[in-house]
Amino acid sequence: MHKSCLITLPFALMASSAIAQTVNVYNWSDYIAEDTIEQFEAQTGISVNYDVFDSNEIVEAKLLAGNSGYDVVVPSGFFLERQIPLGLFQPLDKSKLPNLANLDPEITARVAEHDPGNEYAVTYMWGTTGLGYDIGAVTERLGEDGPLESWDMLFDPEIAAKLADCGIAALDAPVEMVAIALNYLGLDPNSEDPADLEAAEELYASVRPYIRYFHSSQYISDLANGEVCLSVGYSGDVFIAVDRAAEADRGVEVTYVIPTEGASLWFDMMAIPADAPNPEAAHAFINFILEPEISAGITNYVWYANPNAAADAFVDPEILADPAIYPTEAVMANLFAPKARTPGYDRLLTRAWTRIKTGQ
Ligand code: SPD
């Protein structure tokens, strides 16, 4: 064989194996910019299989079953926290993640409460869970002086009854929805006391007749179309509804509020399953997301805050200055962070949540 062939063959093999690489990503729905995947594929030659979910419980079930086939998954911190000790993830190889240097140290410290030492996960985006509502329909029923910035719209039976005809939706997310109810009742949102759970269940029973459905993504289009007038929702998802309603220009105007009683604050975390088929490509994907322009591009498209300090220069100044997306210190002080639930409590919670949803 000619000497030059001996030199070039391994490079040819490397190039063809790079072209054949795939990364399998499992992320929340409506959570990435239109061109993020395309840019990653163009830059790395790795192709992306991209699946979406709308609930932490679904991701957890897939991870627990094993062989999910995913290389990168994005559970919220308060689920990841209990999944790490179960051995569901592999430690990150930080030498392959130079863009970790871009992260805001305050956020990194916060998420270390879920992932001590930040060994297994990197924050993707973060946000709050509050209320989205149709300004016209709700003010027509509650008046301009109604409790438009309060969880009373959901939890006060007299008020919720007035909104029943235009439609109330709630998330199908038991940990968070019960935490929100506990906080409204003045109880510890992370309480695992069965008596507190009972109190939350009673609160939901009192307004259950006025809640049209429990679903974690349907409210986006329903708020935008005027099919529901109030929904518990994830901040950026409600902003999608705001945008779609404005585009449709059919007289529906949607807004998002972080209620004065407080709202939940969460961090969605990129992690690599222990049995990921392609951890190398997973690291490349995570590192790519941490590039300042890429993080900013996602924030500018989905209206969720990113954890990337270096991205601020590329984030639309209007988004950066919006306290509903990047909450001020004062608002931050009023937010609570859900924590991982223990398996024993989880069983009680699941049963209570089924009773709440079915109204029994
Ligand atoms: N469409 C993206 C929704 C992201 C929601 N993350 C949920 C965090 C759980 N509280």
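Modeller: This is a predicted model, and in it the shell around the ligand divides into six nonpolar, three polar and four charged residues.

Biologist: Which of the 13 residues around the ligand come nearest?

Modeller: Ser29, Glu176, Asp237, Trp266 and Asp268 come nearest of the 13. A nitrogen atom of the ligand is 2.6 Å from an N or O atom in the side chain of Glu176, while a polar side-chain atom of Asp237 lies 2.7 Å from a nitrogen atom of the ligand, and for the side chain of Asp268 the distance from an N or O atom to a ligand nitrogen is 2.7 Å.

Biologist: And how much of the ligand's 330 Å² does the protein bury?

Modeller: The ligand taken alone exposes 330 Å², and the protein buries 99% of that.

Biologist: Why does the ligand lie between domain 1 and domain 2?

Modeller: Domain 1 (11-126 + 267-326) and domain 2 (128-264 + 337-358) both give residues to the shell around the ligand, so the ligand lies between them.

Biologist: Switching to cavities, how many of 30 Å³ or more are there?

Modeller: The structure holds four cavities of 30 Å³ or more, and the largest cavity, with about 130 Å³ of space, is the space taken by the ligand. Its lining has 16 residues, with Trp28, Tyr234, Trp266, Asp268 and Tyr304 nearest the centre.

Biologist: What about the second largest cavity, what volume does it have?

Modeller: The second largest cavity has a volume of about 60 Å³, and of the 14 residues lining it, Asn56, Glu57, Ala173, Glu176 and Tyr234 are the closest to its centre.

Methods
Residues numbered from 1 in each chain as written. Predicted model: local features only at pLDDT ≥ 70, side-chain atom pairs only at ≥ 80, totals over all residues. Heavy atoms only, no water. Near = heavy atom within 4 Å. Polar contact = N/O pair within 3.5 Å; in protein donor to acceptor, adjacent residues only side chain to side chain. Areas by Shrake-Rupley, 256 points an atom, 1.4 Å probe, with all protein chains shown as cover. 1 Å grid on protein atoms, 1.4 Å probe; cavity = no way out; pocket = protein on both sides within 12 Å on 5 of 7 lines; lining within 4 Å. Sits in = over half its atoms within 2 Å of the grid points. Nonpolar A, V, L, I, M, F, W, Y, C, P; charged D, E, K, R; others polar. Domains from an automatic or database assignment. Points joined across faces, edges and corners; volume = space filled by probe spheres on them.
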